[in-house]
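User: I have a structure open and a few quick questions. Can you take me through it?

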Amino acid sequence: MPFLYPLSDFINSNSIISDSPPNYYYEGKCPQTGEILRLPRTPLAEAIADSLMQQLEQNHFYAHEGKMYGILLVELPNGEQRVIKAFSGLLHGNSMVEGWVSPISGRKEVALLESQTLANLEAIKQKIITLGQLPEREEYKTLSAEYTQQLETISLHHYHSKLQRQKQRQQLYQTLTEESLNIALEKLAAESRQQGIERRNIKRHQNAILLPLQQIITTADKKITELKQQRKQLSRQLQTQMHAAYSLTNFSGQSLSLQQLLPDGTPTGTGECCAPKLLHYAATHGLKPLAMAEFWWGNSTVEDKIQGEFYGACLERCQPLMGFLLSGLQSNKLEIIYEDEWLIAVNKPSGLLSVPGRYSHNQDSVITRLRYLYNQEIIAVHRLDQDTSGILLIAKDAVTYSQLSQQFQQRQIHKIYEAIIAGSLTINEGEINLPLWGNPDHRPYQQIDFERGKPSLTHFRIMAKEGNYTRVEFIPLTGRTHQLRVHAADIRGLGIRILGDKLYGCHADTRRLYLHARELSFQHPHVEKKLHLQVKTPF
């Protein structure tokens with residue numbers, strides 16, 4: 001596939017990518033199930049996008065035309081990760097640009113109509129420009145300014161003449177009488193009338209010259225309004241026909257036209273944005289999306305966008321399509337392995353938080369999803385790292401939470417984990433007793449510290465050797481943060497990191513942390529029975 005790029009084209013192998021939670025989710029409601037489907041914008045996706053911005057900055061081809069660009073991190077059927085990229089709309093008038101994802105299918109079916117309509121729209125545009133640049137407009141503007149200046153000059157002259165005549169009348173009343181006074185006053189009145197005639201003659205001459213020009217301009221403006229309306233209708237007609245032909249495909253294999261997806265009408269440009277292009281391409285080429293990021297690059301005029309800023313799905317054109325586009329990709333439904341009126345046990349997938357962040361109560365997590373599902377306050381009795389999969393225990397009420405928490409504190413709950421470590425062990429089983437301390441300056445990193453650390457004890461045994469890797473069963477007898485990860489990685493423990501544990505230095509290119517909470521045994525807090533829960537290891 002010509003549009004697939006290796007991660008190394010964007011991310012240096014030595015680059016340190018934050019493992020913090022996603023900053024944004026593309027999400028929508030599945031039309032069939034009503035579930036909320038989500039695709040994250042992860043720190044890795046943002047780092048890839050940052051690298052693409054640097055590439056755009058170095059190429060003058062992308063310097064001036066402002067638009068949205070996007071990347072989609074995908075997974076091939078063999079598990080390898082690749083990157084595809086897209087731009088919104090046209091790039092310098094082209095829908096197909098080498099190296100970028102092709103536009104959504106359907107454009108070919110309306111290519112001739114689109115070409116003819118675009119030609120008509122361009123002709124209309126040129127007519128509007130011509131009418132807007134009529135020489136009569138500039139002539140009218142110039143003459144109008146000249147007449148205005150002329151009238152202002154004459155009016156000022158007449159004003160001073162009027163003041164002078166007022167003074168002369170006062171003097172005449174003081175020096176003349178009867179007939180000689182009347183003759184002198186009539187002479188001043190005649191002068192006033194003559195100046196009025198002069199002003200009216202100028203205005204008549206002005207109207208005679210400017211009125212025909214004004215009529216031409218008015219006619220042209222009316223024609224421009226008609227042409228703009230015609231252009232709007234042609235554009236809307238083309239969009240309707242294109243939306244009937246444009247077909248989007250989701251990850252369930254379902255294909256629908258934009259007209260079917262948005263029967264109440266579709267804004268101009270729907271289907272031309274980065275997100276639909278990327279998701280449609282992935283769905284039609286057997287690629288599994290992992291994360292996506294969109295950003296603005298270039299000058300911003302009409303759109304109030306900032307170069308280099310990340311943006312989510314646009315509300316009018318992209319957001320209404322998200323639920324359909326993500327259908328079949330993933331589900332927020334959790335695998336519940338046990339439930340009664342007091343507690344729930346779920347098989348948490350890798351990559352999902354156990355609980356939302358301290359300052360992000362709506363952040364995607366097991367607890368957030370269950371609270372939405374049950375519409376009640378539920379409590380996680382313990383936690384699993386975001387990248388660790390397996391059994392997570394949740395209480396439905398405070399009393400159950402308190403009783404189960406006591407069992408955890410008193411080490412009455414038996415836990416078994418399964419992991420793959422990135423190397424070979426020579427010892428078959430043993431115990432690791434190394435105290436752990438969380439350095440407040442390097443959260444969430446944990447380290448061995450015999451002075452400040454809390455007692456931490458882990459039993460381990462080799463399950464199998466698989467090439468250069470070893471499958472290990474861990475039984476934590478204490479429950480410290482990152483206990484198994486540190487006990488495996490530290491030279492005083494196993495000295496071999498868990499595969500995929502990038503926090504503690506395993507740089508292997510893997511999709512996940514190979515650590516799974518496989519079994520959990522405990523006394524039910526309300527009934528006389530012991531529960532032993534077990535789930536299959538997914539690796």
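Analyst: One term to begin with: buried means under 20% relative accessible area, exposed over 50%, and partly exposed in between (1.4 Å probe, protein chains only). This is a predicted model, where local features need pLDDT of at least 70, side-chain atom pairs count only at pLDDT 80 or more, and totals for chains, interfaces and linings use all residues. Residues are numbered from 1 along each chain as its sequence is written, and side-chain values use heavy atoms, with hydrogens and water left out.

User: Is L163 buried, partly exposed or exposed?

Analyst: L163 is partly exposed, because its relative accessible area is 33%. Helix α3 is where L163 sits; helices are DSSP runs of H or I with at least four residues, numbered from the N terminus.

User: And R165, buried or exposed?

Analyst: R165 has 5% relative accessibility, so it counts as buried. R165 also lies in helix α3, which covers residues 135-175.

User: What does R165 contact, leaving aside its neighbours within four places in sequence?

Analyst: L188, E191, S192 and Q195, with contact meaning heavy atoms within 4.5 Å.

User: Different topic. How much of the chain is buried?

Analyst: Buried residues are 46% of the 539 in the chain.

User: What share of the contacts with a separation of 6 or more is between residues 24 or more positions apart?

Analyst: That share is 65% in this chain.

User: And what does the C-alpha trace span along its principal axes?

Analyst: About 140 × 65 × 50 Å.

Notes: Helix = DSSP H or I, 4+ residues; strand = E, 2+ residues; numbered from the N terminus.
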